[in-house]
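Q: I am new to this structure and would like to go through it step by step. Could we begin with a term that will be needed along the way?

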Amino acid sequence: MKVMHITYDMRIGGTEMVIKNLIEGNIDTSIEMSIFCIESPLGPWGQELQSEGVSVTKKARKPGFDKDIIKAIRRHIKDNNIDIVHCHQYTPWVYGTMAAAFTKTKVIFTEHGRFYPDSSSWKRKIVNPLLALMTNHITSISEATKQALVTFENLPSSRIKVIYNGIKSLHVETNAIADIKHEFNLESASVIFGTVARLDPIKNQIMMINAFSEVLKTLPTAKLLIVGDGEMWKNLHELVESLGISSAVIFTGYIAKPANYIGAIDIFLLSSLSEGTSMTLLEAMSLGKPCVVTDAGGNSEVIAHDSTGYVVENDNEQDFASAMLSLATQNHVYEKFSTASVERWVKQFSCDVMNKQMLQVYKDDN
């Protein structure tokens, strides 16, 4: 069986990590996997998979509706005798479905996340049910994402199967973690809060920093480690300076492989206004890090409130700060949440669980 993943590109992001895990975690030797990117240049994870022998084809999409992409995918399907086209995100689904029309190739569509605020159009609500008729399976990465497909994309709930993102266990190095703590003067911190995410308005790090400023009034030696880069870099630095907390907040910039930085964090924070299934949240859980997250998208499906962390009202600075303090000041709660986080990750959000569920979809005769 030949499965081809269609995606925007293979840069470092949640969707790309899922594809990488599906390919590298494939335990069925009868399935041959490849990638077709509709953007160029190829990102680092695409290059890494190529170096591992995975076939990666790329063709840059032109602005607007690019009919040539449909022709290129269709030709690739026929030339390579592709059995399944797995389309990741909406635009690849449109092109992939049209390219596979009237061939023997099955189509699978996975929705990985939504914009904030969410929206649709009357054109998509008319076209999507037609595309669904030509699609064998539709999956989403959370119940919240599934509901968005129903509400905004006019897709039937009965056709959508939830398969949560899964990750492999993280490898962390004790010496590297110690070096990070030494480099950023974290050794004397009473507690290290942290997040790993792009610095983007949708991640709402402004609220998170304001909440941390409140926490410092009770825990003056706490630190906040922010790993990532993005358009909000300047704004967030200016906010930290205006609050007078520059000595307590560390911006590392972009880190390609942040496992050791997550290992250095005591309590993981995710303040997003909208979220599918955050891969860094899963990584933190796999390392036994209790989490404080907003009730956005799939966050409340990943974090079991009052069991592996706290889920607070979206964009509520006071609730977020209170949850941070609660975890930081109650050692017995912290230890209980830490153990439960690892157990929950193993049962529901590991790469093995995701791959087994997706393998059933690939092998379904429908």
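This is a predicted model: local features need pLDDT of at least 70, side-chain atom pairs count only at pLDDT 80 or more; totals for chains, interfaces and linings use all residues.

Q: Which residue lies over the face of tyrosine 90?
A: Arginine 124 does, at 4.1 Å from the ring centre.

Q: What aromatic pair does tyrosine 90 form with tryptophan 93?
A: The search of the whole structure gives seven aromatic pairs. In the pair of tyrosine 90 and tryptophan 93, the ring centres are 5.8 Å apart and the planes stand at 70°, an edge-to-face arrangement. The two residues are three apart in helix α4 (residues 90-100), which means that about one helical turn separates them.

Q: Are those two buried or exposed?
A: Tyrosine 90 and tryptophan 93 are both buried. Together with Phe109, Tyr90 and Trp93 make up one aromatic cluster.

Q: How are the rings of phenylalanine 193 and phenylalanine 212 placed?
A: Their centres lie 6.1 Å apart with the planes at 70°, so this pair is edge-to-face. Phenylalanine 193 belongs to strand β8 and phenylalanine 212 to helix α8 (residues 205-216), so the contact ties together parts that are 19 residues apart in sequence. Phenylalanine 193 is buried, at a relative accessible area of 0%, and phenylalanine 212 also counts as buried at 0% relative accessibility.

Q: Where does phenylalanine 193 find its bridge partner?
A: The partner is isoleucine 267, in β11. Strand β8 (residues 192-196) pairs with strand β11 (residues 267-270) in the parallel sense, over two bridges.

Q: What is the order of the strands in the open sheet?
A: Six strands make up the open sheet, in the order β10-β9-β8-β11-β12-β13, with parallel pairing. At the edges stand β10 (249-253) and β13 (309-312); each has a single partner strand, so one side of each lacks a neighbour in the sheet. On average, neighbouring strands of this sheet are turned by 20° against each other, direction ignored.

Q: Changing topic: how many salt bridges does the search find?
A: There are 16 salt bridges in the whole structure. One of them joins the side chains of lysine 20 and glutamate 48, at 3.2 Å from N to O. This pair links distant parts of the chain, with lysine 20 in helix α1 (residues 14-24) and glutamate 48 in helix α2 (residues 44-51), 28 residues apart. Lysine 20 counts as buried at 10% relative accessibility, whereas glutamate 48, at 25%, counts as partly exposed.

Q: Which residue forms a salt bridge with glutamate 153?
A: Arginine 114 does, and the closest N and O atoms are 2.9 Å apart. Glutamate 153 lies in helix α6 (residues 143-153) and arginine 114 in the loop between β5 (106-111) and α5 (122-133), so parts 39 residues apart in sequence are tied together. Both glutamate 153 and arginine 114 are buried.

Q: And what about lysine 234 and glutamate 238?
A: They form a salt bridge whose closest N and O atoms are 2.5 Å apart. Lysine 234 is exposed, with a relative accessible area of 55%, while glutamate 238 is partly exposed, at 41%.

Q: Which residues do salt bridges with shared partners join into one network?
A: The network consists of Glu111, Arg114, Asp118, Arg124 and Glu153. Arginine 124 is also the residue over the face of tyrosine 90.

Methods. Residues are numbered from 1 along each chain as its sequence is written. Side-chain values use heavy atoms; hydrogens and water are left out. Two strands pair if DSSP finds at least two bridges between them. Helices (H or I, at least four residues) and strands (E, at least two) are DSSP runs, numbered from the N terminus. Axes are lines fitted to C-alpha atoms, for helices over the stretch in contact, and angles run from 0 to 180 degrees between N-to-C directions. Rings of Phe, Tyr and Trp (its six-membered ring) pair if their centres lie within 6.5 Å; planes under 30 degrees apart count as stacked, over 60 as edge-to-face and the rest as tilted. Buried means under 20% relative accessible area, exposed over 50%, partly exposed in between (1.4 Å probe, protein chains only). A charge sits over a ring if NZ of Lys or CZ of Arg is within 6 Å of the ring centre and within 35 degrees of the ring normal. A salt bridge is a side-chain nitrogen of Lys or Arg within 4 Å of a carboxyl oxygen of Asp or Glu.
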